[in-house]
Amino acid sequence: MTAPPLEAPTLPPLADPPPRGRLHGAWAAWGPRGWSLRTRLLAVVLALLSLVSLVIGVVSVVALRSYLIDQLDEKVGASASRTSRFIEAPINEQTGPLGPGQSEGTVIARLRNGQFVGAPLVLTTSGDQGQVPGNPAVLLTVKPDRKAHTRDLGGDLGHYRLQAVALQDGTIAVTGLPMDDISDTVFRLAAIIAAVTMAGLLLAAGAGAAIVRLALRPLRRVAATATQVATMPLDRGEVALGVRVPESDTDPRTEVGQVGAAINNMLGHVGAALTARQASETRVRRFVADASHELRTPLAAIRGYAELSRRSQEPVPEDVAHALGRVESQAIRMTGLVEDLLLLASLDSGRQLVRESVDLTQLLIGAVGDAHVAGPSHVWRLEVSDEPVSVIGENARLTQVVTNLLANARTHAPPQTVVTVGLRTEGVAPYETAVVTVADNGPGISPDLLPEVFERFARGDSSRSRAAGSTGLGLAIVTAVVAAHQGTVSVTSIPGNTVFTVRLPVASASTPPRTAASRA
């Protein structure tokens, strides 16, 4: 009689994700991969504010500079007119080209045929007329088109706006005013705009971070719900999937609400699937337990009648005796399989183990001695410390764990294989762990079988023979018993070195052992 197959519940198919457009790609490429959504939003807002501030600042500076230059050009034109009238008027030649009404820093030069007529003069702060320092030759490059031109006179004068006017006597009068005031004003404005922009960006960053954090709070609650569900053990046992996104975060009119509602719908489907899976597992577990229990009586009867017939005083034909012997051996083998199934069913149903102090050192000594008798063709070694190591658990079940591991090595490793059983402790009390290892130098486990070696009825090709007598439940029992003791079991295998490792919490002095009365 076989148990009906356990079918995994199926979930409704998920809708196809919307196509990713250029905007999605640009958004995904914005910033490093580790940036959160809040950081991306804040970075985008600050980038846009910086860009707008930069445009406003540049436009303001350029507009102000253009306006100031226009005003200076008007002053240069007026100064050039005064210079022309002063030079063309009948005055004393010693007066020079700088007449009354000129402002400080005015530069005037008179040209004829590309040469200076006299030295170019500049009106100093004291009102005196001095020669133009630096590079006065640039005054010769100004065209007499009555338009203002910018030239760098060098030295302490710097940049000037210059205008050349052709006079009636054939000479050219060049008049210029300094641009220092314009440069200072533009620089101050740029500095003010930069300072105000930086202050504004800092304020915007603080306010934006607070606003984005507040706006994304519902999304964080949705993420917290998803994270809580992700940490639940959903692969086995009864799961109460009562976690849901708060109703306030499932408003379909908002994007976050749509995500929250979708997660709630998904959790509802997952919860229904888990309930169906648990009900199916419970039925199969009950079926296996009931079937195994019911099989024990007829198997015992078969063994009893076979043994009774074999011990009868009446002569029995040889072929009949052989058949009765085979019936008895197969009944014994099937009885062991039924007992294993009953043990797994009881562990799956959460049966509490007997809690008592178990000396692992003595347990391993006895198990290795039994293995030496059962498999004399193998080499058995025991490596334990002088100090005893004790754990809290059920002695019979832990003995079965070690016995199954040793039987596994004896069954699947060829004769003369060295099997080494070790015991050590790791960690520091009260978090000390007992580590039991069973290692052999046999051919190893197939890489295809290794990931599922602890599954029920998982067997390699060599273990399917009747001579081996393996049911494929030995390592599954090891896993179930170790898990019931809050321990772990693992395996590593390469040709020539296969190691099964069992870790169990060491019994502490403050943990009083319980007796068999605690059995459920």
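Helices (H or I, at least four residues) and strands (E, at least two) are DSSP runs, numbered from the N terminus. This is a predicted model, where local features need pLDDT of at least 70, side-chain atom pairs count only at pLDDT 80 or more, and totals for chains, interfaces and linings use all residues. Residues are numbered from 1 along each chain as its sequence is written, and side-chain values use heavy atoms, without hydrogens and water.

**Cavity**

One cavity of 30 Å³ or more is counted. A cavity is a set of points on a 1 Å grid over the protein atoms alone where a 1.4 Å probe fits but cannot get out; lining residues have an atom within 4 Å of a point. The largest cavity holds about 70 Å³ of space. Its volume is the space filled by probe spheres set on the points, which are joined across faces, edges and corners.

H8 gives the most, with four residues. Among the lining residues are Leu 360, Val 436 and Leu 504. By class, the lining has nine nonpolar, no polar and no charged residues. Ala, Val, Leu, Ile, Met, Phe, Trp, Tyr, Cys and Pro count as nonpolar, Asp, Glu, Lys and Arg as charged, and the others, Gly among them, as polar.

**Helix pair**

The axes of H3 (residues 180-215) and H4 (residues 217-230) come within 4 Å and cross at roughly 45°. Axes are lines fitted to C-alpha atoms, for helices over the stretch in contact; angles run from 0 to 180 degrees between N-to-C directions. H3 and H4 are therefore oblique to each other. Angles under 35 degrees count as roughly parallel, over 145 as roughly antiparallel, 65 to 115 as roughly perpendicular and the rest as oblique.

Notes: 1 Å grid on protein atoms, 1.4 Å probe; cavity = no way out; pocket = protein on both sides within 12 Å on 5 of 7 lines; lining within 4 Å.
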